[in-house]
Amino acid sequence: MNVLVFDIRADFGHFRKIYSTSSPLTYSIIPPTSFFGILGAIIGLGKEENAYLRYVNHETVNMAIRIMSPVRKIRMGLNHVNTKGNIWVPKQRREGARTQIRTEFLRFPHFRCYVHVKEQSLFQQLIDYIQQHRSVYTVCMGLSECIADVQYVSLEEFRLVNNHAEAVSIVSVIPEKYVTSLCIESGKEYRKERFAFQINEERIVSDYEEILFEASGEAIRAVVSHYWENKTGERIVFLYDHGKE
């Protein structure tokens, strides 16, 4: 399978966890459903009525994510003002016209992305734009204030390897459903987070999945049902794996 490899990084990132409300927390990696928006922004798929989800979704995209720098999080107070009705309405309260919300951010997030799009014309357009360091819309790491930089790395061939017994080192994050057993190694920090996995054009989530990752960006040694490997021996697991079909 032909796979586009590119890096995305920013000074800050925020992908709000679905269960956090008054004090927004962030996921440690790019949620799969947010990744669709990033691809749509690069090649110029519109957000009106969520049109981009017709073309980039869990049925049309193979993707894997690798953590390139340790997961770091900080919290900052964001000032919010009431702008309902397209006007600024000062709130009558002792604190003044603004409400400060303490928000969690990723600090210096850096991920390597592995992508294959089924629709060849869209895939070629994505390749061309990333190679030229272009995007139709501004690429952000979650919030619009968290502007991101996308850098082309390579275009490589990955082959599918079925595996049911041997523990191997996987450099990408791994959906828990593909893991048969996990080899715990000293000095590594293993985490698991639950993400929305499938979403339709009405932004209704139909599936959630647990994803395993190592917080410092180290490879995970595990027995997995299958993985993809390139000529240099780099092994990844796609979040949406259509290659087996």
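Glutamate 209 is found in strand β13. The model is predicted. Glutamate 209 counts as buried because its relative accessible area is 14%, below the 20% cut-off. Strand β13 (205-214) also gives two or more residues to the lining of the largest pocket.

**Around glutamate 209**
- Residues up to four places away in sequence are not counted here.

**Largest pocket**
- Rolling a probe the size of a water molecule over the atoms shows where empty space is left.
- The largest pocket has a volume of about 740 Å³.
- Its lining is made up of 29 residues.
- Closest to the pocket centre are Thr33, Ser34, Tyr52, Gly142 and Arg203.
- Three elements, α1 (32-43), β12 (190-199) and β13 (205-214), each give two or more residues to the lining.
- Helix α1 supplies the largest share, with 6 residues.
- By class, the lining holds 17 nonpolar, 9 polar and 3 charged residues.

**Three-stranded sheet**
- An open sheet is formed by 3 strands in the order β9-β14-β11.
- The pairing in this sheet is antiparallel.
- Strands β9 (168-170) and β11 (179-182) are the edges, and each pairs on one side only.
- From one strand to the next, the twist averages 55°.
- Strand β14 (residues 220-224) pairs with β11 over 3 bridges, in the antiparallel sense.
- Valine 179 has valine 224 of β14 as its bridge partner.

- Most residues other than glycine have a negative phi, and most peptide bonds are trans.
- Phenylalanine 108 has a positive phi, near 50°, and is not a glycine.
- Phenylalanine 108 sits in the loop between β5 (98-107) and β6 (110-117).
- With a relative accessible area of 37%, phenylalanine 108 is partly exposed.
- Histidine 133, also not a glycine, has a positive phi of about 60°.
- The loop between α2 (120-131) and β7 (148-157) holds histidine 133.
- Histidine 133 is partly exposed, so its relative accessible area of 46% places it in neither the buried nor the exposed class.

Key. Residues are numbered from 1 along each chain as its sequence is written. This is a predicted model: local features need pLDDT of at least 70, side-chain atom pairs count only at pLDDT 80 or more; totals for chains, interfaces and linings use all residues. Side-chain values use heavy atoms; hydrogens and water are left out. Two strands pair if DSSP finds at least two bridges between them. Helices (H or I, at least four residues) and strands (E, at least two) are DSSP runs, numbered from the N terminus. Axes are lines fitted to C-alpha atoms, for helices over the stretch in contact, and angles run from 0 to 180 degrees between N-to-C directions. On a 1 Å grid over the protein atoms alone, a cavity is a set of points where a 1.4 Å probe fits but cannot get out, and a pocket is an open set with protein on both sides within 12 Å along at least five of seven lines; lining residues have an atom within 4 Å of a point. Grid points are joined across faces, edges and corners, and a volume is the space filled by probe spheres set on the points. Ala, Val, Leu, Ile, Met, Phe, Trp, Tyr, Cys and Pro count as nonpolar, Asp, Glu, Lys and Arg as charged, and the others, Gly among them, as polar. Buried means under 20% relative accessible area, exposed over 50%, partly exposed in between (1.4 Å probe, protein chains only). Contact means heavy atoms within 4.5 Å.
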